[in-house]
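Welcome to a short tour. Keep your viewer open and select each stop as we reach it.

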Amino acid sequence: ALRCLTGELKKGNAVVHDGKALLHLLARFGLETPEAFGWDTMLAAYLLNPQEKSYRLGALYPDEPEDAAAVCSLAAWQKARVEEDGMTRLMREIEMPLSFVLFRMERVGFAVNADFLRTLEARYTAEIEERREQVIAAAGGRAFNLNSTQQLGEVLFEQLNLPHGKKTSKGYSTSAEVLEGLRFEAPEIIEPLLRYRQLTKLNSTYAEGLLRLVDGSGRGHSTFDQTATATGRISSSEPNLQNIPVRTEEGKE
């Protein structure tokens, strides 16, 4: 079936929904990928309404369409709307070609220096433990889970009786904003606690996190979504390459 589909796609006039996913499917089976689609109903749906929560076919129809005729009917309606809104060139010359670019970017991936990440991981892990011990010592020496908002809140606002603690039904807030406000009240516990949080985030997301996503050839493969934001910005996930905190020295590393 895929081979027959590939033959149709080569003509460049096939109607698809989420063509990039189809390209990955064809590539996984070692089949030649086309150079263009006739129409991508997912991308057209995004152009017509970039604030939708989902662009699954089921979200565009009352029921998930099960036949090609339904998808072609959707495409015909979309083409008229896109033309009416003056976005035909945007669709055909930018959005659809971009999906092929993103497909190739995802397939190629990016090189990861795994040895360097392992060095960072070891360094972060050692300092995380050091900071954890400092926080516990400043709290009186009794061990508790620093990652538990409830336990941390009780230590800060009940045991140490620090100011500005606001208790809700879920316990005390220990957000970054709250902790920053306590820097000068109790630096001996707040300073190592903030550092602990910074390092655990970096370690889990960018050291351990990236290492988990590296393939056998030493490369990572992010997914780039062109329908995720209302502004038209591309989003990146697994891993997210857009949130690396490069303003800090550790983030730059």
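Is the crossing of H3 and H5 left-handed or right-handed? It is left-handed, meaning that the near helix is turned anticlockwise from the far one by less than a right angle (clockwise would be right-handed). Helices here are DSSP runs of H or I with at least four residues, strands are runs of E with at least two, and both are numbered from the N terminus.

Before going on, note that this is a predicted model, where local features need pLDDT of at least 70, side-chain atom pairs count only at pLDDT 80 or more, and totals for chains, interfaces and linings use all residues. Residues are numbered from 1 along each chain as its sequence is written, and side-chain values use heavy atoms, without hydrogens and water.

**Stop 1: two helices.** Select H3 (residues 41-48) and H5 (residues 68-84): their axes come within 10 Å and cross at roughly 35°. Axes are lines fitted to C-alpha atoms over the stretch in contact, with angles from 0 to 180 degrees between N-to-C directions. Show the side chains of Thr 41, Ala 44, Ala 45 and Leu 48 in H3, which meet residues of H5 including Trp 77 and Arg 81; contact means heavy atoms within 4.5 Å.

**Stop 2: two loop residues.** Go to Asp 18, in the loop between strand S1 (15-16) and helix H2 (19-28). Its phi is near 65°, a positive value in a residue other than glycine. Next, pick Pro 239, in the loop between strand S8 (235-237) and H11. The peptide bond from Glu 238 to Pro 239 is cis, with omega near 5°.

**Stop 3: confidence.** Colour by pLDDT, the predictor's confidence in each residue, from 0 to 100. The chain averages 90. Confidence is lowest in helix H1 (residues 2-10), at a mean of 59, and highest in helix H6 (residues 88-108), at 97. Where pLDDT is low, the predicted coordinates should not be read in detail.
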